[in-house]
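Please look at the model below. The report that follows walks through a few of its residues.

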Amino acid sequence: MFSTRLLPLMLLAACQSGDISVSHVEVDNDGDGYTVAVDCDDAHATVNPDAPERCDGADND
Ligand SMILES: [Ca+2]
Ligand SMILES: [Ca+2]
């Protein structure tokens, strides 16, 4: 009975740590620390939600 009570917890832990199928929103293509879910330009590391807005015509934040 000990193992049957632990099994759901083990499956849950495995799902959280090893499932990469749900991680497309967690991909950080430019490596700036912001995933595609929050990074408005995931092709440029200088563009992220914490980047200062600069007068260069680009939307830096
Ligand atoms: Ca990024
Ligand atoms: Ca970016």
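## Ala 45 and its contacts

Ala 45 touches Asp 30, Gly 31 and Asp 32, leaving aside residues up to four places away in sequence. Two residues are in contact if their C-beta atoms, placed from the backbone, lie within 7 Å. Ala 45 and Asn 29 are 16 residues apart along the chain, and their C-alpha atoms are separated by 8.6 Å.

Ala 45 counts as partly exposed because it has 16 C-beta neighbours inside 10 Å. A residue is buried if 20 or more other C-beta atoms lie within 10 Å of its own, exposed if 12 or fewer, and partly exposed in between; these C-beta atoms, too, are placed from the backbone.

## About the model

This is a predicted model: local features need pLDDT of at least 70, side-chain atom pairs count only at pLDDT 80 or more, and totals for chains, interfaces and linings use all residues. Residues are numbered from 1 along each chain as its sequence is written, while chains are lettered from A and ligands numbered from 1 in the order in which they are written.

## Asp 28

Asp 28 lies in the segment after helix H1 (2-18). Helices (H or I, at least four residues) and strands (E, at least two) are DSSP runs, numbered from the N terminus. Asp 28 touches Gly 33, Tyr 34, Thr 35 and Asp 42, again without residues up to four places away in sequence.

## The whole chain

The protein chain has 1 helix and 0 strands. Of its 61 residues, 3% count as buried.
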